[in-house]
Structure formats: C-alpha cells, structure tokens
Amino acid sequence: MNAHKIVCKSHLLKLLWTSGRSDRIKRLHGVCGRAPFSSCSPKVCIVGAGPAGFYTAQHLIKSRQDVEVDIYERLPVPFGLVRFGVAPDHPEVKNVINTFTQTAQHSRCSFYGNVNVGTDVSVKELQQAYHAVVLSYGAEGNRRMGVPGEDLAGVHAAKDFVGWYNGLPDNRKLHPDLSCETAVILGQGNVALDVARILLSPMDMLKKTDITQPALDLLAESRIRRVLIVGRRGPMQIACTIKEVREMVNLPDTRPEMVAADFKGIAEAVKEVPRPRKRLTELLLKTALDVPTEKEQEKRSKASRVWGFRFFRSPVEVLPAPDLSRAAAIRLAVNRLEGSGEGASAVPTGEVEDVPCGLVISSIGYKSLPIDPLLPFDSRKAIVPNTMGRVQKTAGVYCSGWLKTGPTGVIGTTMNNSFDTARALLEDMDSGALDVSSAKPGSQGVTPLLEKRGVKPVEFSDWEKIDNEEIKRGVAMGKPREKLLSVDEMLHVART
Amino acid sequence: MSAARRLLRFNPRLLQSRTNKRTAAVTGAAATPPHTSVGNAVLFSGSAQCRRPEGRVTVHFINRDGQKITTSGAEGDSLLDVVVDQKLDIPGYGACEGTLACSTCHLILEQEVYDQLGHIIDEEQDMLDLAYGLTETSRLGCQVCLSRSLEGATVRVPAGLFDMRRADSSGSSSSA
C-alpha cells in the first residue's frame, strides 16, 4: 500500500516538473482524483460493511493493484453481524475484525459509515459514480412464524433478542421480560443455541464479555430457569452444530432434560450417516440417554437451571394470559417424520400440546429486504436474484454474502461466497463485460450529494475513536469493551 | 516471531479475549496442553512449551492450484504460523487466528505424519467436522506444531476452504 503511494507520488512529481510553472500550480490544486493516473482506476462501491462487504473488498484490492474500493455502511460502526450477531462469549470468532481493519486501512479502501443506501443515496447514483456496485447488506429482517399471538408481549424474534444483548441501536429498547420460569425457543440452529446459552449462562461468565451492560443487568434479575429449544423434525435433522451443543452440555449449573422417546430408532440410524451428523447425533444420544458419570450426576443434581431439545413440534399459536396482555403459553402441533436424513419432512399428526411459558423466541431465520425498487428482488427466497454474484438484468451490479445466497452460513461460508463474487467482478473487468475504460468519479460523485442532503459520513478513523472509547469504558467494567448503544452517541464520539 | 505473537504485539487488547492454541505435538506425543476453563470456552494460554527457536523445520505446501511451496518454520510454530509468517498465498486461511472457531486452516497430511501426531481433542474434531473435503488424514493447521519429526513433510491445502455450516433449502439458522 505504501509502495503504491510512493509510485503515485513520484509519477506526480514527474508530471509537475515536466510541465510549466503555472501548469504545475494548476495540477497541484487539482491533484486528488483528477491526476491522470487515478482517474483511470476502476472504482467499486460496496454496500454493507459486514463480513461479506469486507471479504469482497479484500479480494478485489488484492487481485488488482489499480482497483479502489469504497464501503458504505448504514451505521456509524462497521463489521455487521461480527459485532451484532456473534455471541458475546464467542470472542475468538470476532478475530476476523483484525483482517477487516487491515483492509479498511488500505490506501485503496475507504469506509463511509452513517450512509443509508436507499434513503441517503440511491443505487442508481452509486452506479453513476462507480464502475461497479456490490450489494452486501445482508438480512436485517426476519422470518415470521405466521401464527396468532405472535405479536403479544413476551414474543421476540431471535434476531431482535440477539441485537438487544449485542447492542444493536435499533434493538436497545427491547426490554424483554425475563420474569417467567420457562422460555421456549422455536428453531434449533446455532442462533437458537446462542440465545439459550445467554439466557442460562452464569453471571460471572457473562460479565467478562462484551455483552451490553443493560442486558447484563436484566439477565442478572432473570427468573428464567428452564429453556426449551423446539424443532419441527427429529434429532437427526437438527440444524445446529456440535460445538454449540457441547457448550450447552458443559454449561455450568445446568442440566439437560430431553424426552427419551424422541430418540427412538436413532442409535441404529446414526451408523450410516456422514461423520459430522454422526458425531453430533452421538453427542445428543449420550446427553439424552446415557447414564451419567458420577461427576456429571453430581453436576446435574446441583444444577439450578434446565435446558432441553424438544423435537417433532411446530408452533401453531401463542396463547395469551387471561388479561390478554402477554404470552402465557405456546401451542405446538405434534409432527411425525416422513422420510429420513437431511431431506425428511415434518407432517402434522393432528395432535397439539400446550407449553406454559412467559418468553417465546422465534429463531427460524433472518430475511433480506429490498432497498431499492429499481433492483430485482426475489421475495419468495428473499434474495437478490443473481448468477454467481452478478445481479440479474442489472449490468454493473453484484451481490455477496447472505443477500446473494440466503441467510445461513457462518463467516467462513460468507468469505468464500464473497471471494466468488469478487472473482466474477474481476473476470468481467478483464473481459470487458464491465467497462472500466472511462473515468468515474467514485466517492467524489457521492460526497457532494450527501453534503447537500445533510448526511455526514463517518470515516474509518472516526470509527477508531468510537472503538477506543468503547474499550476505555470496557476497562472500567472489566470487559473487553462497553458498546455505545445509540447512533447519536456514536456520532457524538466520532465527531469530537 | 510467530504470527500470533506479532498480532498480540500489534493489538495487545487481543490478549484479553483470544488465545494461542498449541497441542503438545512437539514430541509427537499425545498430551493435553495446560489450559484453563473460562466458563464454557476452553482457553489455552500461549504456553512457552512450544516456543523453542533453535531448529528450523522444512515443510512443503501443495496449494490449491497444485503449486508446491517449500518453506520452513521454527520448532513449535504451528502450520498456521508458517502460512502467516511466510505470507503463503492461501486466501482466507486461518480466519479465526488459531482459536478453534473455524475450519479455514484445514490441511491434509501424509498418513505417517498424521499417525505420529496422535490424539486430537474434541474441540478440533468439532471444527474438522465442518471442513470441506475432510479426509482421514485431515488436521487443522493451527493445532499442528512443527517438530523434528515433521521435517520434510508435505501438506496439502484442500480444494475449497469452505465451512460446512452453509445454506441449504430448509432455511436453517446459523450464527457465526
């Protein structure tokens, strides 16, 4: 990166010296973005500063020495779900922030936070300013259960609950009611397990993480002692992965409570399946059915909190308390399995079962939303229709991350997904399918528009001020950081 | 200096929340490294037992494009350290920086080398479960330490650094 700067500088100096004095002065004033060498560089803009955005930027910058990338982000702070989705007690997963920071600090990369693409600037305006636009803004909506009572107090989307304990500004006023004894989580993916784990973790574990203080305070008062994690199908279709199940099994002061009948026939069926499914199922079987060791038995007898998977159950209604003010139970349809393996389906038997509970968390999937009516959007799959990351019927527009493939997968998945999109974009530059021969203004075509509209972007160095402030506050609390919780506060720190 | 050490120096705050993980593979013997349990996360202290910079150990990497890269690391360096220190061109390698939270440092070893490395802890097996193109001689690069017995070993970068926790039609949720 520094070499690039030096080359450009020396090229510039040569230009200055070979022209006349008055020319030299003219060029000095017009240097940024107008000198011949930088106007030819391909300019790409990326919408969304989460893992997808950063990995796409990384691959582009690494692959071509002339490409300049600008990343626009709605919030003043970068990193998306790495900051707002990854559980507070999984700090090692957040290590990717280091590589993203290096990318953001690269001379050919710029971060523009606090810019909402769709309202502050349109995708069309971005297309005019850049050679290519990559949509990487993820999935900020969620799949609804679509059952009566879903909007009662006490029912939350897992996305909002996770956003709340992770300090997402939009979720800071959630104030979930944790005064009930039983919480029911619908869905059995890793997000569901994160929620269960955060609800049941001992305070002395949580208080050392970057969980927000308001969440910590509320969880300290929580009366929740039992968490059921409910899935439509059986143990062999569970969507979570073994690491997260092992964390639940090992969670201090808790004991598992499963229904033995749910595991009928599983010990036989597990013999024929691929290794990942086999190991996971074996762990479930062991936890549900094996006679515990003496040490484990002691742990279970002393445990004050209970967790368990419930299988073959689908939500059909959230039942209100007598005064109709809030959720008091969930009605679940009992299913049977048709077929086997990953493709098995849940078929209702007609039976239902009511489970009393005061907190219902629906963890059945995030969902992408369209940000511009002029862009194609597949509302059934909730993705931007694309072929290998090239948005259909829209030259010069690409997509990466969850917006491209749907909202599943971890950071590693998104990395590969984003590298693929970057490769498609580079291919198009090389082949001429994407015309980069004429100069484009890049951010110089956007920042005047933003200024006119009263939008002041947050630069990466401003984020670093926020970062330092959060770390400083964290030190005082014995935590890695204490996150700023509102956009206003973030902007205030960014501007000082 | 190992990549992990360098990162810690560059960003000392990482010490709080992240770790260097080492198996005691230096002698090829199965041993559990010293660790402390912090609630659920099993943390391994950046133990000095693997850090002995006397000898260099030569290893060969076969990259995804078939290219053979001959390089070396200090005894005790993990294969992840070697990739980072020697700046080997393997995009996305070691995303979680050696903390057993991903499978992007997945490597395929020769049978003899794999066999002599011995016991694999559950946490590594759990992450290997999710590695794309898993084989009978697969290991995570961050958990394999260089030792004399690895001198001249050849390791293969699998075809796609790809975690198995990915999209499928059921719309199953996942977190990172």
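1. Start with a single pairing: in this predicted model, N335(A) has P348(A), a residue of β13(A), as its bridge partner. The two strands involved, β12 (residues 327-338) and β13 of chain A, run antiparallel and are joined by nine bridges.

2. Now zoom out a bit. These strands belong to an open sheet of three, ordered β11-β12-β13 (chain A), with antiparallel pairing. β11 (313-320) and β13 (345-356) of chain A each have a single partner strand, so one side of each is left without a neighbour in the sheet. On average, neighbouring strands here are turned by 20° against each other, ignoring direction.

3. Next, the annotations. An unreviewed UniProt entry lists several "binding site" residues, among them L81(A), V117(A) and W402(A).

4. Take two of them. L81(A) sits in helix α6 (residues 80-84) of chain A and is partly exposed, at 33% relative accessible area. Beyond its close sequence neighbours (within four places), L81(A) contacts P51(A), V86(A), Y366(A) and W402(A).

5. V117(A) lies in the loop between β3 (109-112) and α8 (123-129) of chain A. Is V117(A) buried or exposed? With 6% relative accessibility, V117(A) counts as buried, because the cut-off is under 20%. Not counting residues up to four places away in sequence, V117(A) touches V47(A), Y72(A), V123(A), L126(A) and I371(A).

Conventions:
Residues are numbered from 1 along each chain as its sequence is written. Chains are lettered from A and ligands numbered from 1 in the order in which they are written. This is a predicted model: local features need pLDDT of at least 70, side-chain atom pairs count only at pLDDT 80 or more; totals for chains, interfaces and linings use all residues. Side-chain values use heavy atoms; hydrogens and water are left out. Two strands pair if DSSP finds at least two bridges between them. Helices (H or I, at least four residues) and strands (E, at least two) are DSSP runs, numbered from the N terminus. Axes are lines fitted to C-alpha atoms, for helices over the stretch in contact, and angles run from 0 to 180 degrees between N-to-C directions. UniProt positions are given in the numbering used here, feature names are shortened, and annotations may be inferred rather than shown by experiment. Buried means under 20% relative accessible area, exposed over 50%, partly exposed in between (1.4 Å probe, protein chains only). Contact means heavy atoms within 4.5 Å.
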